[in-house]
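Subject: Structure for you to look through

Hello,

Please find the structure below, together with some notes on what turned up in it.

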Amino acid sequence: MANFASRTAQLRCFRQYLCSRALNQCSSTRLSPPLRFCDHFSSQSIIPLRPGIQTLMMHHRYLCGTTAKPDSGEGQNSGQSSDTGKAVRGGPVSWLSFFLLFCTGAGLVFYYDKEKKRHIEGRLLRKINAASTAVQEGQSAGKAAIGGPFNLINDEGKNVTEKDFFGKWTLIYFGFTHCPDICPDELVKLAEAVDKIKAKIGVDIVPVFISVDPERDTVEQVHEYVKEFHPNLIGLTGTPDEVRKAARAYRVYYMKTEEESSDYLVDHSIMMYLMDPKMEFVKNFGKNNDVDSLTNGIIEAMKKYKH
């Protein structure tokens, strides 16, 4: 009877322990240390326990020895999820950063190309201004030795020389079809001046464009280029040797810039040459002349012309 009463008391105490354990878990996440079943029965070891109760006590010792708090587990999971979110949000590459990088690179390339062209044109203008000053100083001492024979190919594929222009007033400009700014501006000015002279004094002046870039300026290329400015504009090109001879005869400076690719530029004199019906030099007009001053300057020079 004593053993039966003792086992009954043990079962009652174990049931009370389980109830108190359940209440403690539901009350709060931060609880005081619960009643340890194994500690309660350590003082009553003189009474042998049944195998089922011994097994429950062993499981409880395992649970008491391994602390796995729900709060800390949730905190770790939330920490890992927050770290994962930060890694995703703070990744090294995103579409927006890639787009901004592309725009920045394109802007730098555009700025470099623009600055390069401006540097080349500025250097060209300084050289041309010095050459123009030298030509003007030479004119004051007498008639300048500008002009001479040439043998080139027109934009229709025919061979022409200076003799093909005898009997007409001619306005000649040297340039190249890939010129970005200066050549188009000068040719527009030349075309407008030719039309104004025709309207004012009724004289037809033959506009002529001579290429200083024979490697790229083929007959077809020159033909398409000159027709964009004036229907009567004659384009001339030729071999590098023939172009060099013509440029030397008219005291025209030209030189390729640093050749990084096929899209190079050519430094050249920015000058228009008015030639009389004998293809002899009369006057040159620089970049500083606008359409009106160019028109009036040509008319005045033609009036002073002596046959």
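Lysine 196 is partly exposed, with a relative accessible area of 33%, where buried means under 20% relative accessible area, exposed means over 50%, and partly exposed lies in between (1.4 Å probe, protein chains only). Please keep in mind that this is a predicted model, in which local features need pLDDT of at least 70 and side-chain atom pairs count only at pLDDT 80 or more, while totals for chains, interfaces and linings use all residues. Residues are numbered from 1 along each chain as its sequence is written, and side-chain values use heavy atoms, with hydrogens and water left out.

The side chain of lysine 196 meets that of aspartate 292 in a salt bridge of 2.9 Å, N to O, a term that stands for a side-chain nitrogen of Lys or Arg within 4 Å of a carboxyl oxygen of Asp or Glu. Because lysine 196 lies in helix α6 and aspartate 292 in helix α9 (residues 291-303), the pair ties together parts that are 96 residues apart in sequence. Aspartate 292 is partly exposed, at 43% relative accessibility. The structure holds 7 salt bridges, and another of them joins lysine 198 to aspartate 204, with the closest N and O atoms 3.3 Å apart.

Helices (H or I, at least four residues) and strands (E, at least two) are DSSP runs, numbered from the N terminus. Helix α6 has 20 residues and reaches 28 Å from its first C-alpha to its last, close to the 28 Å expected at 1.5 Å a residue; the expected span is 1.5 Å times one less than the number of residues. Several residues of α6 are buried, among them Leu187, Leu190 and Val194. Glutamate 186, which is also found in α6, counts as buried at 3% relative accessibility, and its C-alpha atom is separated by 8.2 Å from that of isoleucine 270, 84 residues apart along the chain. Just after α6, glycine 202 takes a positive phi of about 70 degrees.

Which way do the side chains of strand β4 point? Ile205, Pro207, Phe209 and Ser211 point one way, and Val206, Val208 and Ile210 the other way. In a regular strand the side chains alternate between the two faces of the sheet. Because 7 of the 7 residues of β4 (residues 205-211) are buried, this strand is largely enclosed by the rest of the structure.

Two strands pair if DSSP finds at least two bridges between them. Strand β3 (residues 169-175) runs parallel to β4 and is joined to it by 7 bridges, with tryptophan 169 having isoleucine 205 as its bridge partner. The chain crosses from β3 through helix α6 (residues 182-201) to β4 in a right-handed β-α-β crossover, which is to say that, with the strands pointing away from the viewer, the path from the first strand over the helix to the second runs clockwise. Strand β5 (residues 234-237) also pairs with β4 in the parallel sense, over 3 bridges, and phenylalanine 209 has glycine 235 as its bridge partner. By contrast, strand β1 (residues 151-154) and β5 pair in the antiparallel sense over 2 bridges.

Best wishes
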